[in-house]
Amino acid sequence: MKAAIAILLSMASLAAGQSSTQSFEDLARAAQQAYNAQHDDDAARLFADAVKLKPDFTQGWWAIGMINYQHDRYPECRDALTHMVALDATAAPGFALLGLCEFRTKQYDLAFQHLKKAHMLVSVRDAGGPLLDMANYHLGMLLTQQGSFELAEDINIQVALKGQNNPDMMFAVGLAPLRLAILPQDVPKNQHEVVAMAGKAYWDLITQPPDQTEADFKALLAAYPKFPNVHFFYGTYLAAHHPEQSVPEFLAELKIQPDSVPARVSLALQYITDGKIAEATKYAREAIALSPDSVGSQLALGAALHASGDDKDALSAYEAAEKLAPDSSQVRLYLVNAYRAVGRVDDMRRERAEYDRIKSAEQNWP
């Protein structure tokens, strides 16, 4: 008798399992059909029922997130995509959409983490598609808001290459070269024009012939000769394309912003190239005095001291930079060369190992 009951219970359990599986398959099929027919509310409800039966249904969480995103229901989108990326840590589109939803809900720290993750999961050699392009656009805005202007400009190169002259994108990329650590919607009305002009100059620098870029800069300088960082922006362009013309622009920036650290760092680097090591060292030391926590200032001083033959003090500058930015592969590489220069082979090998480790972790970044 007991054996018969056990068999019946086993059969009932198996039948329930088959029914549950069939129910999930029916729901998933109906949900996809509703989604394909653009019956979004029905599709969202059916996908929600499906993930209740099968919580690891990654496609279902993605569909729920996408439907909610398309209807501007960003908290619901965010919650669905949080489930998705927990199931698949390699899903670049999932991290991208999650970050975009968090951007809309003004959870900027989380948005940055997830947009960065999406960016790092896709090689710059691969076509990420419109969703990943939109994610990079928002990532660039968040880097600008954080004050990571150089990284923002690196990301914005990709934005410009794929943005098809989108006016909002062109405006947004104007903030980083002017070193305005705000989001586009926070730009004061009386600064809209200068940001737009800077954005056009940066966009055209990436996408248009040099003559157009030169015309953009001339217009920007003519309209806003005393706006902070306009001369600095032009100077950085010249440093890359006409380095012999860059110093006057950096000096002009110092007349407008006497405490400008970036202008001093740029002057130091250009003077090293020009062989004016005493001037380079002077401006690098001034930059450090104004901003002791500036990694770029320490690197500029290290480069100037190395150029003067003072490798011991150059090493001290690079070690100071490493304390400020221990996770920077660039700083570690400077240290590798600095330790080699003073003959500290074991330290050189240790830093080389750290460089390799960090560089591997930074794959596809920025």
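Here is a short tour of a predicted model, stop by stop.

Before you start, note that local features need pLDDT of at least 70 and side-chain atom pairs count only at pLDDT 80 or more, while totals for chains, interfaces and linings use all residues. Residues are numbered from 1 along each chain as its sequence is written, and side-chain values use heavy atoms, with hydrogens and water left out.

**The whole chain**

Show the chain as a cartoon: you will find 19 helices and zero strands. These are DSSP runs numbered from the N terminus (helices H or I, at least four residues; strands E, at least two). Along the principal axes, the C-alpha atoms fill a box of roughly 100 × 55 × 30 Å. The radius of gyration is 27 Å, whereas a compact globule of 366 residues would have one near 21 Å; the value is taken over C-alpha atoms, and the globule rule is 2.2 Å times the number of residues to the power 0.38. Colour by accessibility next, and 45% of the 366 residues come out as buried (under 20% relative accessible area; exposed is over 50%, partly exposed in between, with a 1.4 Å probe and protein chains only).

Select Q38, in the loop between α1 (2-36) and α2 (40-53). Q38 has a relative accessible area of 68%, so it is exposed. Now draw a distance to D56, 18 residues along the chain: the two C-alpha atoms are separated by 24 Å.

**The cores**

Next, select F47, L142, L178, V194, V195, L220 and V230, which touch the most other members of the largest nonpolar core, a set of 80 residues. Such a core consists of buried Ala, Val, Leu, Ile, Met, Phe, Trp, Tyr and Cys residues joined through side-chain atoms within 4.5 Å. Helix α5 (residues 92-104) supplies the largest share of this core, eight residues. Zoom in on V230: leaving aside residues up to four places away in sequence, its contacts (heavy atoms within 4.5 Å) are L178, V194, L220, L221, Y224 and E253. Another core, of 33 residues, lies apart from the largest one and includes F232, A263, A268 and M348.

**Aromatic rings**

Show the aromatic side chains: there are twelve pairs. Rings of Phe, Tyr and Trp (its six-membered ring) pair if their centres lie within 6.5 Å, with planes under 30 degrees apart counted as stacked, over 60 as edge-to-face and the rest as tilted. Begin with F103 and Y108, an edge-to-face pair at 5.4 Å centre to centre and 65 degrees between the planes; both residues are buried.

Then move to Y271 and Y283, which are stacked because their planes are at 20 degrees, with centres 5.9 Å apart. Y271 sits in helix α14 and Y283 in helix α15, twelve residues apart. Y271 is buried at 9% relative accessible area, and Y283 counts as buried at 12%. One aromatic cluster is formed by F217, F233, Y234 and Y237.

**Helix α16**

Finish with α16 (residues 295-307). Its buried residues, among them L299, L301 and L305, pack against α14 (261-273), α15 (277-290), α17 (311-324) and α18 (329-341). After the helix comes G309, with a positive phi near 95 degrees.

Definitions and conventions: The expected span of a helix is 1.5 Å times one less than its number of residues.
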